[in-house]
Structures are given as C-alpha cells and as structure tokens.
Amino acid sequence: MGDFYSYYSYLMYLLFKLYADKLVVSTSSSLLHTAVDLVNETKLDDEIKSWLAFAAQKIVEVNALAKALSGHKDEVI
C-alpha cells in the first residue's frame, strides 16, 4: 500500500496547518489511462506486483487516507 504512513503523516501536518475543510485527498492525476486492477495481472512476478498500483489499488489507498484523516482510523485497512 505504497508508503501509507509517510503520506498520512504529511497529510496530518497539512491538516493542522490548513483548515480541515480545505484539505482534499485525491490521486495526483486522472485514473483514466491506468490499468484497472492488479489482480487481473496473473503472469507478473509477485515481486514486480508489489511495486505496482493500478486504479483499484490506488482508490483503496486514497480512501484509506481520507478515512484516517477524518478520524475513522478504525476503518482503515
């Protein structure tokens, strides 16, 4: 799941520096041209899979960060 705790720490810093209603958690770019799901990639080596995040995995990570920042840490995977 990427570097979740580094992202979370940085976003918490921003949350306290800015007003909470101004912070938006999102992907850095559109997922339009991103492969859909890493699960479908059955021929890739497991080590290579661990380096990749396709659209489905990116959405899970962004959602987890948003929940953690809004105080719902118990719902984060």
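Me: Among contacts in the protein between residues at least 6 apart in sequence, what percentage join residues at least 24 apart?
Reply: The model is a predicted one, and a contact here requires heavy atoms within 4.5 Å. Among the contacts between residues at least 6 apart in sequence, the share that joins residues at least 24 apart is 50%.

Me: Which pattern does the protein follow when it is read along the sequence?
Reply: The secondary structure of the protein comes to 3 helices and 0 strands. Read along the sequence, these elements follow the pattern α-α-α.

Me: How are H1 and H3 oriented to each other, roughly parallel or oblique?
Reply: Two packed helices are described by the angle between their axes and the distance between the axes. For H1 (residues 4-17) and H3 (residues 55-69), the axes come within 10 Å and cross at roughly 45°, and H1 passes H3 in a right-handed crossing. Angles under 35 degrees would count as roughly parallel, and the two helices are therefore classed as oblique.

Me: How many charged residues are there in the contact of H1 with H3?
Reply: From H1, the residues Phe4, Tyr7, Tyr8, Leu11, Met12 and Leu15 meet Glu61, Ala64, Leu65, Ala68 and Leu69 in H3. The residues of this contact divide into 10 nonpolar and no polar, and the number of charged ones is 1.

Me: Is Thr34 buried or partly exposed?
Reply: Thr34 has its place in the loop between H1 and H2 (46-51), and, leaving aside its neighbours within four places in sequence, Thr34 is in contact with Phe54, Ala55 and Lys58. A buried residue would need to be under 20% relative accessible area. Because the relative accessible area of Thr34 is 22%, Thr34 is partly exposed.

Me: What distance separates the C-alpha atoms of Thr34 and Ala56?
Reply: Along the chain, Thr34 and Ala56 are 22 residues apart. In the predicted model, their C-alpha atoms are separated by 9.4 Å.

Note on methods:
Residues are numbered from 1 along each chain as its sequence is written. This is a predicted model: local features need pLDDT of at least 70, side-chain atom pairs count only at pLDDT 80 or more; totals for chains, interfaces and linings use all residues. Side-chain values use heavy atoms; hydrogens and water are left out. Axes are lines fitted to C-alpha atoms, for helices over the stretch in contact, and angles run from 0 to 180 degrees between N-to-C directions. Helices (H or I, at least four residues) and strands (E, at least two) are DSSP runs, numbered from the N terminus. Angles under 35 degrees count as roughly parallel, over 145 as roughly antiparallel, 65 to 115 as roughly perpendicular and the rest as oblique. A crossing is left-handed if the near helix is turned anticlockwise from the far one by less than a right angle, and right-handed if clockwise. Ala, Val, Leu, Ile, Met, Phe, Trp, Tyr, Cys and Pro count as nonpolar, Asp, Glu, Lys and Arg as charged, and the others, Gly among them, as polar. Buried means under 20% relative accessible area, exposed over 50%, partly exposed in between (1.4 Å probe, protein chains only).
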